[in-house]
Every structure is written in structure tokens, then in C-alpha cells.
Amino acid sequence: MCKWPVWLSAAGFVSEVPGTGSEASELGEDEARPAGFVDPTGFEQLWCPEDLPLPSCHLAVGVVLKVRRDKPCPPAGHTAGQVSRMCPRMEPAPVIGLPSPIPSRLAQPCHPQDGAPAYMFPCLETSVTRATPDGRGAVLWHNRGLNSVPLGSTWMGWGKAGPPDALVLSTFTRELPPQHDDTEAQIVEDLESEPASWDRLLEPVNIGDAVRAVYETIADAPDKMGEGYQYLIARVPETQLPEGAVKPGRQLGFVLTDALCSPDLNDADWQDEAGCFAASDIAVLAVPPGGKSDFMPEVYKALYKPSSIDTSTVKIEGIA
């Protein structure tokens, strides 16, 4: 699998999400649970543990950076399927009962210069705020366990749809079908049922400010961001999603296009109209309480410890 570090750029700071890249904690032969952070990245689902508040969500733009040419780039002429086999997590796995996701494809082969953006995609920045032990500050938790950092499944080559700062992000939402047991009769019923229609979530928004944040981060990148492939997630300012928009039972669709295109996910031919585009398709699912799990790593105890804070009056002191 391609386990690349994930960096967040927001409000003038850049920070690496713990557990991404080579830092992800894995089980040893005699371990019952990981000792540290697990890899939180996913391409299809956002998991919401039942004992955590719903995350705060902002629209964001994800960029794939190749900082040094120390690993082979996918050679020219490779198809999306071939690249997906090099990075298995990019190949969507079918989920019975869920509507078909936006098809994944990689628009262009990768030939970035050192430190230059190679691909881009729309995504969500999600976080849960928890108090520090002394109660005077707060920590933004991005890594809340498996499938808590959703990335885009369909990428476009940087600059392939015109100047990146002129692109527009469109957002959609719809209801997921009820989840059932995987009996043969139910599987047939789920496959034959019509998915719900997409509704527009927000008005289309220009991503220019997020692209400028990407350039500023590259120009003054931390030393640790100096090797291999990296994900850089830049928040689109003033795009916090409405309360309740991201909750279990919803499916979210994000499409990045040029300003002349107005995609409609209810139109079967929208991809042909869009031409070059990037997209993200996220199913929001409820999962059992994490705080009661016997397999929860120690580092997540502060996340699940009950706390009540007023985020408008505390200082943000860390990111996880």
C-alpha cells in the first residue's frame, strides 16, 4: 500500500497528521493492539464512533506532492487501473447496499518536478475538539482512528483543467440506503433498488485561497516534508459545512472542475460534460463506541475521555 504522510494547512500553520505515512502503528507478534496512532486515511468512508461528537467539517483541496525523486513515479501511459494496483487503497472496494461511488480514475501520468504538485482532488478536513488535561486549552483531533481522514478517490493532474486557482468545487449530498444483513435476498434487493437523488449542499466555491495556501506551504515547507510522496490538505476558507450535514446515513459528493462546468451528479452524462475533473465520494457510517474497545491504542484515551469545553474561549494548543 502507498502510505504517504498527510499534512494539513489551515489558519497559517502546517502540521503532519500523526499515524500517516511511515508513522502508522502496526501490531507486533505478541501485541493485542497498536501502541500508537493507526493510519486514519480512507478513500470511500468516514467513520463516526457512537461515543464521539460529530466532527466539524470544512471543504478542502488535497494535493499530491513529490518532493524528491527517490521513489519511482508511475510511468507514462499507465491507466488508472495500473496505478491503482501500485497503490491498492486507491481501488474502491464494493460495499453491498451502498450506491455506486463516483468512478475512480487517474487523469494524467505523474511527472512532477521536485517539490511541485502532481495531482489534486477535493476532500473534507474533519476534526473533533477535546480539552487538554489542564482544561485550559484544546486539541484538534483529526486522527480519530480508522477512516477518519477521508481523501479523494478521483484525481486530476495539476493544471490539467486550467489554472488551479480558477477551479470550482461543487458539493452534493444524499441519503444512504438502509444497511441490512448480507443475505442473498437482501443483496439482490439492494442491487435492484434505486439510489436517492443528489441534492446540492453548498453553492459552488472557488478554491483560489486554498491553492495559494498550497504554494505558501511549499515555499516554506518543514524539513520533515523533504522526502518522497506527501499529501497536503489545504482548507478552503469560510466553507464549514452546516451542522448535521456530515452524519451517519449520508453520502457526500465533491467535484472539482473549471468554472465553465456545472456538474449535476443526477445526470448520467455529467462526467462527459466535465471533461477533466477530480472527485470525492464519501459514505458517512456509524461505528461502535471506540472508548469501550479493548483494542483502542493508549494514545486515543484523551480523545474519548469525556470533556465539555467552550471552543470559543480556549486556546488551540495541538493537533492530532
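Lysine 224 and glutamate 16 form a salt bridge in this predicted model. Their closest N and O atoms are 3.0 Å apart. Lysine 224 sits in the loop between α3 (208-219) and β13 (229-240), while glutamate 16 belongs to strand β2 (residues 13-16), so the contact ties together parts that are 208 residues apart in sequence. Glutamate 16 has a relative accessible area of 15%. The cut-off for buried is under 20%, so glutamate 16 counts as buried.

A search of the whole structure gives four salt bridges. Another of them joins the side chains of arginine 235 and glutamate 125, at 2.7 Å from N to O. Arginine 235 is in strand β13 and glutamate 125 is in strand β6 (residues 116-131), so this pair links parts that lie 110 residues apart in sequence. The two partners can be set side by side. Glutamate 125 is buried, at 6% relative accessible area. Arginine 235 is partly exposed, at 25% relative accessibility.

Next come lysine 301 and glutamate 298, which also form a salt bridge. Here the closest N and O atoms are 3.3 Å apart. Lysine 301 is partly exposed, with 48% relative accessibility. Glutamate 298 is partly exposed as well, at 40%.

Now turn to strand β4 (residues 45-49). Four of its five residues are buried, so the strand is largely enclosed by the rest of the structure. What is the sense of the pairing between β4 and strand β15 (residues 278-287)? The two strands run parallel, over five bridges. Tryptophan 47 stands opposite leucine 285 of β15.

Methods:
Residues numbered from 1 in each chain as written. Predicted model: local features only at pLDDT ≥ 70, side-chain atom pairs only at ≥ 80, totals over all residues. Heavy atoms only, no water. Buried < 20%, exposed > 50% of the residue type's maximum accessible area, 1.4 Å probe, protein only. Pairing = 2+ DSSP bridges.
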